[in-house]
Amino acid sequence: MAAPPAFSSRDPLSPRFWDERFERAFTPWERGEVPLALRRFVAAGQLAAVAGQPPAVLLPGCGSARELALMCEAGWDATAIDFSREAVARARALAGPWADRIVQADFFAYAPPRPLDLVVEQAFFCALPPARRPDVARRWAELLGQGGLLAGCFYFDDAAKGPPFGIARAELDALLTPAFECVADEAVEDSIPVFAGKERWMIWRRR
Ligand SMILES: C[S@@+](CC[C@H](N)C(=O)[O-])C[C@H]1O[C@@H](n2cnc3c(N)ncnc32)[C@H](O)[C@@H]1O
């Protein structure tokens with residue numbers, strides 16, 4: 001396997017880290033397609049319109065945002081955000097009619113225009129160093145009202161180096177159970193090699 005290119009930024013908390021990798025097309029975390037479990041979730045119509053309004057959905061740390069079109073086509077009011085300028089440019093180039101639903105924003109500062117029904121997790125949580133995990137969990141809980149869902153693929157591993165930074169199941173439970181109840185936990189069938197055997201499709205419901 002070819003060695004990865006040399007990068008100047010080593011800090012995944014900086015947008016520059018991700019800009020560089022998108023600029024150089026070094027994106028080994030990318031599936032290139034929507035995970036099967038998310039396809040099934042969308043097709044199952046588990047999110048209903050409330051009071052005539054389509055479900056409000058956020059895809060944080062969206063990268064190329066391949067999941068966005070599927071959710072918009074389902075009629076959901078979906079927005080994808082990323083703090084990397086290069087990621088946003090790439091996502092917009094791929095998004096066709098949904099390009100204006102991609103916003104350059106920092107997850108920790110972004111305020112959605114209306115309360116969210118769903119936050120989709122896709123290789124964002126594992127992109128951040130472990131010290132940031134309590135802040136992510138707190139922000140998920142703030143963004144979702146009671147009954148709102150956090151759904152996606154969670155990466156479990158104990159390697160110290162990342163990204164991706166895997167988490168232990170007990171640590172994830174400890175972070176999330178004060179505000180969320182786990183309502184689905186399934187093996188992922190279509191992982192790409194970097195996540196293979198180590199990720200699970202989970203749905204957490206806001207208490
Ligand atoms: C490993 S990539 C995953 C991208 C995409 N979700 C995927 O699965 O292909 C992590 C992404 O999170 C973005 N990111 C990291 N920290 C962020 C933050 N605080 N706010 C918004 N985006 C962030 C990065 O710019 C990067 O695009």
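Colleague: Which residues are closest to the ligand?
Modeller: The closest are Trp18, Gly61, Gly63, Ser84 and Ala123, out of 21 residues that surround the ligand. Keep in mind that this is a predicted model.

Colleague: Noted. How does that shell divide into nonpolar, polar and charged?
Modeller: The shell around the ligand has 13 nonpolar residues, five polar ones and three charged ones.

Colleague: Switching to Ala127: where is its place?
Modeller: Ala127 is in the loop between strand E4 (116-122) and helix H5 (133-143).

Colleague: Is Ala127 buried or exposed there?
Modeller: Buried, because 20 other C-beta atoms lie within 10 Å of Ala127, and 20 or more is what counts as buried.

Colleague: New topic: why is strand E7 largely enclosed by the rest of the structure?
Modeller: Because six of the eight residues of E7 (residues 199-206) are buried.

Colleague: Which strands are joined to E7 by bridges?
Modeller: Strand E5 (residues 144-155) runs antiparallel to E7, with seven bridges joining them. Strand E6 (residues 180-187) is also antiparallel to E7 and joined to it by seven bridges.

Colleague: What about Trp204 in E7, which residue of E5 is its bridge partner?
Modeller: Leu150 is the bridge partner of Trp204, and Cys182 stands opposite Trp204 as well.

Key:
Residues numbered from 1 in each chain as written. Predicted model: local features only at pLDDT ≥ 70, side-chain atom pairs only at ≥ 80, totals over all residues. Buried ≥ 20, exposed ≤ 12 C-beta atoms within 10 Å, placed from the backbone. Helix = DSSP H or I, 4+ residues; strand = E, 2+ residues; numbered from the N terminus. Pairing = 2+ DSSP bridges. Near = placed C-beta within 6 Å. Nonpolar A, V, L, I, M, F, W, Y, C, P; charged D, E, K, R; others polar.
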